[in-house]
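Dear colleague,

Please find the structure below, handed over for your own study. A short account of the findings comes after it.

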Amino acid sequence: MVMDKLALHTLLFRITQLQKAHLRPRMRSCDLTQGQPKVLHYLAKHAPCRQIEIARSCNIEAATASKLLDNMEAKGLICREAVPSDKRAVAVVMSEQGKQAFMKWQSRYREVEQIACRGFDESEKALLWNLLERVYENLQEAAVEEDAHA
């Protein structure tokens with residue numbers, strides 16, 4: 001490793017902090033709060049689904065997911081529906097208001113992606129995504145292994 005370069009964890013932390021600084025006002029413009037865009041993104045691809053599936057996908061505790069979903073339901077972003085085949089189960093779906101907020105959010109976070117990748121050609125963007133996905137998968141695998149040995 002070249003010594004004048006930032007350590008990977010420092011670089012990733014700084015990127016995350018800058019990304020959040022750009023995303024927060026955009027979230028507010030969509031009337032969304034922290035955690036809600038991630039849930040809407042999951043629901044856009046996987047609804048109807050159960051609360052535990054959302055928690056797992058978003059890497060949050062079930063209790064945190066429950067509170068987040070309660071707030072989203074109160075804002076009209078999601079609906080909870082009974083599952084006919086299981087009287088105890090509840091399915092979570094995006095409401096029409098949630099779909100509109102998600103569409104607006106998609107355009108807002110793409111603005112930040114464009115800022116972050118300014119000056120990159122398509123092959124550089126593809127390489128960046130591939131490398132970041134590999135870093136994520138490596139860390140995810142290590143977490144699973146550590147949990148298994150704990």
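Predicted model: local features only at pLDDT ≥ 70, side-chain atom pairs only at ≥ 80, totals over all residues.

The largest nonpolar core contains 23 residues. Val 39, Leu 43, Ile 54, Met 72, Ile 78 and Trp 105 have the most contacts inside this core. Two or more residues each are given to the core by helices H1 (8-29), H2 (36-46), H3 (51-58), H4 (62-74) and H5 (96-116), and by strand S2 (86-94). H5 gives the most, with 5 residues.

Which residues does Leu 43 touch, leaving aside its neighbours within four places in sequence? Leu 43 is in contact with Cys 49, Ile 54, Ile 78, Val 92, Val 93 and Met 94.

Next come the strands. Strand S1, residues 78-83, pairs with S2 in the antiparallel sense, over 6 bridges. S1 and S2 are joined by a hairpin through 2 residues.

Finally, the surface carries a nonpolar patch formed by Leu 6, Leu 8, Leu 11, Leu 12, Ile 15 and Leu 132. Together these residues have about 500 Å² of accessible area. H1 supplies the largest share of the patch, 4 residues. Leu 8 lies in helix H1. Is Leu 8 buried or exposed? Leu 8 counts as exposed because its relative accessibility is 52%, and the cut-off for exposed is over 50%.

With kind regards

Note on methods
Residues numbered from 1 in each chain as written. Heavy atoms only, no water. Core = buried A, V, L, I, M, F, W, Y, C linked by side-chain atoms within 4.5 Å. Buried < 20%, exposed > 50% of the residue type's maximum accessible area, 1.4 Å probe, protein only. Contact = heavy atoms within 4.5 Å. Patch = residues over 30% accessible without salt bridge, like charges linked within 9 Å, V, L, I, M, F, W, Y side chains within 5 Å. Areas by Shrake-Rupley, 256 points an atom, 1.4 Å probe, with all protein chains shown as cover. Salt bridge = Lys/Arg side-chain N within 4 Å of Asp/Glu carboxyl O. Pairing = 2+ DSSP bridges.
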